[in-house]
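Subject: Structure handover and notes

Hello,

Please find the structure below, with the sequence.

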Amino acid sequence: MIEPLAGSTALPTARLIVDGGHGFEPCGNPGSSQKKSEVLGLEHEEIDPMEHSSDPGSGTALDLAYVRYRNGNLVKAEPSVSDRVKEHSNPYETDKTQNIDSFLRILEDQTSSHEQIYEAYCQIPSPGVHYLTNCSRRLLLHRLSVIENRSKQAMLRYLRLVDDMKEASIRLNLAEWNTAIAYAGRCFAQVDALQVESALRIWKEMEHDAGIQSGRVTFNILFDIAAKAGKYVLAEMILKEMNERRLRYSRFSHVGLIYFHGLKGDGNEVRKAYRNLVEAGQIVDTVVMNCVIASLIRAGELPAAEQVYERMKQLFHAKMGGFVPNKDWRYTRDLGRILDRASRRLRQEPERLQRLQSKQCLAPDTRTFSIFIDYHIHITGELRRITSLLAEMQDFKIPIQGRMYIKIFRGFARHGGVKYTSWTTQRLEAVWTSLLAALDTQAEGIALLKWMVVWVVRAFARCCGRARALQIWEEIRDRWKLVGDEEKGAVEHMLRDILHASQTHEGSENT
């Protein structure tokens, strides 16, 4: 039995969380050129697909679902709300009741952002959950659990609600505890020992203090956190505990094991874990394939990862005939749950399971291309291969969003500014022009947010010098009308350091 931490404390959950760092995931291979085109203003030499082969692959993210049990089955919880406020007889509580009514209107509006919901909640006297009906509380926790990318701010919002629930002596259910654990351990790009400790504290509180037994989703989350923090012994202890409790592996457990062996750099174990997933009757889709690709690359087997990618393309064209379904993160999340549930129900019906597998789309997605482009930006610096991947994204009708621009500018900041580099000033200017055009047309998923600005200026400082970087910063400031003073001030502080370093570098070169 794992004993996470001795001596449980009654500290508020949010106070257990400590800030972490940022990171990018790695991940490619050039071939002979046939014809040229342009992507993001970069000249692209197209590669003959016959020079590459393929197989299965990537990205993991043991995504946390808000779920509950109904008639013994896991189902998605989509609370319908006809809640009203608890009635209070004291006249001075009129304002309080108005604030609660206002909060409920915002909560029930599906277009409300997390920030709007939380700001309205903060207008209710603490602990706000005390003044809500049970259905409203559950909807509030659910709304704040559904997010594409966890962040420090999202984590603090959710854990504040957890603290309010505890203060009001209201029990959390298993799904809500699971979300709290996931926020504590996975809200930063890089997981470290502090996040592991915070997640284990919440887990211990759930089991020992609240008396709620962990399910396999809980162990999937804990395993993922331990693996990403490099705590491999702890990760294996979590798997052992899961086995001792006789919890069957889910789709997410199998995908997590593929990822785990990739982190350990063991390509053979990656393949074995993939075979185990297939033999367990789990359905293979793009998420699984992406995980294999990323894991093989981490294990130092780029050619094998390229073969997986080529195989994905072949299977996609054979099955789908070139039609690419429009998928977003919600679709991918929901599909994963549906496939997991289907594989359990059809375990004794292999023919139906095979028919379902044959219908799965195995097209490369944004994640697939991000894996390879990250690898070439961080490891090889092969701009020609990157531009060919960007061109293939367009062939698959995958929009190039803001994150991809950030990666490209990061590549210029890393590889530009030296003799004989392919990351030239002219190409950097072409990418900048492409970004401005996307901003002017208000392309979806592209905005001048903090890290976009930082990497744009850093790239120009590296490739073109301080003077051009200052000109770019002035252009950005003219466009940056809707950004808060706090964020703008933080960016300006970082940029001063970047420009100072650039000036120092230029001075040493002149000397």
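I start with Leu390, which lies in helix H16 (residues 383-395). Helices here are DSSP runs of H or I with at least four residues, strands are runs of E with at least two, and both are numbered from the N terminus. Leu390 has 0% relative accessibility and therefore counts as buried. (Buried means under 20% relative accessible area, exposed over 50%, and partly exposed in between, with a 1.4 Å probe and protein chains only.) From C-alpha to C-alpha, Leu390 is 7.9 Å from Ile400 in space, and the two are ten residues apart in sequence.

Before going further, the basis of these notes: this is a predicted model, in which local features need pLDDT of at least 70 and side-chain atom pairs count only at pLDDT 80 or more, while totals for chains, interfaces and linings use all residues. Residues are numbered from 1 along each chain as its sequence is written, and side-chain values use heavy atoms, with hydrogens and water left out.

With a relative accessible area of 1%, Met393 is buried. Leaving aside residues up to four places away in sequence, Met393 touches Phe369, Ile398, Pro399, Ile400 and Met404, where contact means heavy atoms within 4.5 Å. Met393 and Thr368 are 25 residues apart in sequence, and their C-alpha atoms are 9.7 Å apart in space.

The loop between H16 and H17 holds Lys397. Its phi is near 60°, a positive value in a residue other than glycine. Lys397 counts as exposed, at 67% relative accessibility.

Two packed helices are described by the angle between their axes and the distance between the axes. The axes are lines fitted to C-alpha atoms, for helices over the stretch in contact, and the angles run from 0 to 180 degrees between N-to-C directions. Angles under 35 degrees count as roughly parallel, over 145 as roughly antiparallel, 65 to 115 as roughly perpendicular, and the rest as oblique. A crossing is left-handed if the near helix is turned anticlockwise from the far one by less than a right angle, and right-handed if clockwise. For residue classes, Ala, Val, Leu, Ile, Met, Phe, Trp, Tyr, Cys and Pro count as nonpolar, Asp, Glu, Lys and Arg as charged, and the others, Gly among them, as polar.

1. H17 (residues 402-415) and H19 (residues 450-463) have axes that come within 8 Å and cross at roughly 25°. H17 is therefore roughly parallel to H19, and passes H19 in a left-handed crossing. On the H17 side the contact includes Tyr405, Phe409 and Phe412, and on the H19 side it includes Trp451, Trp455 and Arg458. The residues of this contact divide into eleven nonpolar, one polar and four charged.

2. H7 (residues 216-228) and H8 (residues 232-244) have axes that come within 8 Å and cross at roughly 165°. That makes H7 roughly antiparallel to H8. The crossing of H7 with H8 is left-handed. Among the residues in contact are Phe219, Leu222 and Phe223 of H7, and Tyr232, Ile238 and Met242 of H8. By class, this contact has eleven nonpolar, one polar and two charged residues.

3. H9 (residues 251-263) and H11 (residues 286-298) have axes that come within 7 Å and cross at roughly 15°. H9 is therefore roughly parallel to H11, and its crossing is left-handed. The contact includes Val255, Ile258 and Tyr259 of H9, with Val288, Cys291 and Val292 of H11. Its residues divide into eight nonpolar, two polar and two charged.

The buried residues of helix H2 (residues 114-121) are His114, Ile117, Tyr118, Ala120 and Tyr121. Seen down the axis of H2, these residues fall within an arc of 160°, so they line one face of the helix; the arc is that of the directions from the helix axis to the C-beta atoms. They pack against helix H1 (94-108), helix H3 (134-145) and helix H4 (152-167).

Pro127 lies in the loop between H2 and H3. The peptide bond from Ser126 to Pro127 is cis, with omega near -10°.

One more loop residue

Gln442 sits in the loop between helix H18 (425-440) and H19. Gln442 is not a glycine, yet its phi is positive, at about 55°. With a relative accessible area of 70%, Gln442 is exposed.

Regards
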